[in-house]
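Dear colleague,

I am handing over the structure we spoke about, with a short account of what was found in it.

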Amino acid sequence: MQLNEKLIKQYKEKYPGKDLFQITVGDKGCVLRSPGRQDLSYASVVKDPMKMNEVLVNQLWVTGDEEMKTDASLFMALCNKLEEVLKVKEAEIKKL
């Protein structure tokens, strides 16, 4: 998968307000965007954890090598990085 500044700029314009993440395994790779509430809501109805990962990857997919979705070992490596893509900002609570 080849990325350049022009492509990155296009993807950022296509998904304003979203972070983009490049995930690579060997010579294969993909770009995922950060999720929104609708993406998480859509995936949360799936009870099977592996199927949920598949739904999330498909929802957040921007570009990349299709083998990342179809090859089991590449997909598992991608799933291991989903937690970082889904990372939520830390909230602060203060008693008043």
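Which residues lie nearest the centre of the largest pocket? In this model, which is predicted, they are Asp19, Ser34, Lys87, Val88 and Lys89, among the 15 residues that line the largest pocket. The elements that give two or more residues to that lining are α2 (37-44) and α5 (72-85). The space in the largest pocket comes to about 300 Å³, and its lining residues divide into six nonpolar, three polar and six charged.

Helix α5 also packs against α3 (residues 49-60), at an angle of about 75° and with the two axes 10 Å apart. Because angles of 65 to 115 degrees count as roughly perpendicular, α3 is roughly perpendicular to α5. On the α3 side the contact is made by Met50, Asn53, Glu54, Leu56, Val57 and Leu60, which meet Phe75, Met76, Leu78, Cys79, Leu82 and Val85 in α5. The residues of this contact divide into 10 nonpolar, one polar and one charged.

Finally, there is an open sheet of three strands, with antiparallel pairing and the order β1-β2-β3. Its edge strands, each of which pairs on one side only, are β1 (20-25) and β3 (61-64), and neighbouring strands of the sheet are turned by 20° against each other on average, direction ignored. Strands β1 and β2 (residues 28-33) run antiparallel and are joined by six bridges, and in this pairing Phe21 stands opposite Leu32 in β2.

With best regards

Technical notes:
Residues are numbered from 1 along each chain as its sequence is written. This is a predicted model: local features need pLDDT of at least 70, side-chain atom pairs count only at pLDDT 80 or more; totals for chains, interfaces and linings use all residues. Side-chain values use heavy atoms; hydrogens and water are left out. Two strands pair if DSSP finds at least two bridges between them. Helices (H or I, at least four residues) and strands (E, at least two) are DSSP runs, numbered from the N terminus. Axes are lines fitted to C-alpha atoms, for helices over the stretch in contact, and angles run from 0 to 180 degrees between N-to-C directions. On a 1 Å grid over the protein atoms alone, a cavity is a set of points where a 1.4 Å probe fits but cannot get out, and a pocket is an open set with protein on both sides within 12 Å along at least five of seven lines; lining residues have an atom within 4 Å of a point. Grid points are joined across faces, edges and corners, and a volume is the space filled by probe spheres set on the points. Ala, Val, Leu, Ile, Met, Phe, Trp, Tyr, Cys and Pro count as nonpolar, Asp, Glu, Lys and Arg as charged, and the others, Gly among them, as polar. Angles under 35 degrees count as roughly parallel, over 145 as roughly antiparallel, 65 to 115 as roughly perpendicular and the rest as oblique. Contact means heavy atoms within 4.5 Å.
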